[in-house]
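Subject: Handover of a structure and its computed features

Dear colleague,

Please find the structure below, followed by an account of what was found in it.

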Amino acid sequence: MLTSPNGNIKLVLENTYRKGQASNASSDLKIYFRSGGKFTEIMSGCELGLLTADEQFRNMELTNAGKITSIKTSYEMITGKRRSITNVANEEVFTFTQPNKKELKVIFRAYNDGVAFRYQVPAKNGTTVNVKDEYTTYHIPARTARWVQGYDSGYERFYPYSTDGKGDKKQEWAFPALFKANDVPVWYLISEANNSEVNCAARLNNSKDANVYKVTYPEPRKRFPQQGALGQTPWTSQWHTISMGSMADVVGSTLVTDVSEPSKIKDTNWIIPGSVSWIYWAYNHGSKDYKKVVEYVDLAKAMNWPYVLIDWEWDAMTNGGNLEDAVKYAHSKGIKPLMWYNSGTTDWSDATPVDRMRTREKRVKEFEWLNKIGVYGVKVDFFDGDQQDMIDLYLGILKDAADHHLMVDFHGATIPRGWARTYPNLMTVEAVYGAEWYNNNDVLTKKAAVHNTTLPFTRNVIGSMDYTPVTFSNSQHPHITSYGHELALSVVFESALQNFADRPEAYLALPEEPRNFLKTVPAAWDDTKLLSGYPGDHVVIARRKGNTWYIGGLNGQENARAMEVDLSLIKPGKAKVSIIQDGDTDTTFKTEDKTFDKGQKVNVNCLPRGGFVMVVE
């Protein structure tokens, strides 16, 4: 038995293997949470095991339970929910042995906000292990409420509410997966973290039983026929993570970075979060028009945003200047340029420039050129799946970019897996059905409000999310969320490079108060607290920078409502509050400044699909 430092989470591992008896599993993992003064079983029957080319680590005997050790460290983050993080857990290593005496170790950690475990194949004369799959399964009680995204290699789908676990024919699901325990106010979010160069990235499959989610490795491809992972022993898997507790505990959890490797970058002074003007959304094209790029540089200058992102097609830039001219113009205005690249790994995207990132030789040459002309970061797009070669490429890009003091934004990519702790130059990752989809069809028009109020409890929990938010005008397809809702996305969605997607004229035409808010809203935070919310219904999140709290609230429903904000959760005494909320129509704002006494609550009226922001000092 292993318990969390605060005693609220209990993990029990029972050995079910019996010599001489056929068995499909060798362990029964049970997880309990203390709720209402007593432990409630959250999950049971969860299986462990690993499949390699040589072994089925499944019918194993538990031969040793190691001594429980205490983990007490602290670390700093540049991105994410808070800057200073205390990493406290209890760890125990269990050794399972095959009948042929081969061993598999399972390392468990119990944190105050969840559970993590990973596998290790011990060293044996420097041999190579070929890991094909896992037997890891999560048994979810029937009728459990769940919000899980159907698997897509770009992680750009919705998180529909379900209690039966049914989806498409494949029944494949992406991390993170959110569940609400039956009968008790306990939530848990399943994901994974710290995938290394010798790991692939997994997904979930419940095709055999809708309530049994098996961890599954990606299928092989022609260009990379290896399925699973290949590495020298001792080989260690990624961490499997289960953030757990109240909804506020899950939203505030740092479990994904807690289990990840410490920073490999000594000097991080050059890594500076900030807001970005972004050209693609308005035109469904990139940056081949020099004069349009100039407009977005001027927008960044007018809005006090430090960065401009020069997107795809910059290699074909004309109409008064080329790429280097655009970079020079940005410098003349005090704006730092970032640049887009195609990863070159897919056979379905020929968006240029292509294949300057695929090999280390090519990208180092490119990064040296970017240093020379004065570019501060790269956005790398269109990655081809979750196989081991892609994980190796992500980490290679991050390492080489760090060597050249370049920040990184991954698009068309896998979800965050704790790498922002190891390589703090990873500023944000797309892996979300974001505002870009207004360019493609009308689905987001109808679903944005519910979707936006689900993401803070699912995708954004595990790391920075490049949704490309805050659009007031329409792209190819309209949005029907209110202007107050759109403004609130700048706080509700965390991204250390916040790529604001709308046209210059849309931002510059805003009334003074919301325009000034967007000029000053931070892109990195010292603390984060969920004040209230329920997936798909509403969310109120508070984020602190210095001594100032910024609050964003979203209404995910079709009806107007009053939303209550309890300031005592973030400010013990008197508070000065500036509020920007929905006006009489969904394209107008109402603003007011008030002083609230200790313990007072703020009531804000939201339109259907509406929202608000507050600044609390």
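Helices (H or I, at least four residues) and strands (E, at least two) are DSSP runs numbered from the N terminus. The model is predicted, so local features need pLDDT of at least 70 and side-chain atom pairs count only at pLDDT 80 or more, while totals for chains, interfaces and linings use all residues. Residues are numbered from 1 along each chain as its sequence is written, and side-chain values use heavy atoms, with hydrogens and water left out.

Helix α5 covers residues 323–332, and its buried residues are Leu 323, Ala 326, Val 327, Tyr 329 and Ala 330. Buried means under 20% relative accessible area, exposed over 50% and partly exposed in between (1.4 Å probe, protein chains only). Lys 328 and Ser 332 are exposed on the face of α5 turned away from its buried side. The cover over the buried residues includes α4 (290–302), β24 (307–310), β25 (336–342) and α6 (360–373), where contact means heavy atoms within 4.5 Å. Just after α5, Gly 334 has a positive phi of about 80°.

**Pocket and cavities**

On a 1 Å grid over the protein atoms alone, a cavity is a set of points where a 1.4 Å probe fits but cannot get out, and a pocket is an open set with protein on both sides within 12 Å along at least five of seven lines; lining residues have an atom within 4 Å of a point. Grid points are joined across faces, edges and corners, and a volume is the space filled by probe spheres set on the points.

The largest pocket holds about 470 Å³ of space. Its lining has 24 residues, and Glu 156, Trp 348, Asp 381, Phe 382 and Glu 436 lie nearest its centre. By class, the lining of this pocket comprises nine nonpolar, seven polar and eight charged residues. Ala, Val, Leu, Ile, Met, Phe, Trp, Tyr, Cys and Pro count as nonpolar, Asp, Glu, Lys and Arg as charged, and the others, Gly among them, as polar.

The whole structure contains four cavities of 30 Å³ or more. The largest cavity has a volume of about 280 Å³ and a lining of 30 residues, with Gly 80, Thr 257, Val 461, Ile 462 and Gly 463 nearest its centre. Elements that each supply at least two residues of this lining include β17 (187–193), β22 (239–245) and α2 (255–258); β28 gives the largest share, four residues. The lining of the largest cavity has 13 nonpolar, 13 polar and four charged residues.

The second largest cavity has a volume of about 70 Å³, and Lys 81, Val 251, Glu 494 and Arg 543 are among the residues that line it.

**Individual residues**

Met 247 lies in helix α1 (residues 247–252) and counts as buried because its relative accessibility is 7%. Leaving aside neighbours within four places in sequence, Met 247 is in contact with Leu 178, Trp 187, Phe 457, Leu 530 and Pro 535.

Most residues other than glycine have a negative phi, and most peptide bonds are trans. Arg 143, not a glycine, has a positive phi of about 70° and counts as exposed because its relative accessibility is 64%. Thr 468, also not a glycine, has a positive phi of about 55°, but counts as buried because its relative accessibility is 2%. The peptide bond from Thr 233 to Pro 234 is cis, with omega near 0°, and another cis peptide bond joins Thr 352 and Pro 353, with omega about 5°.

Yours sincerely
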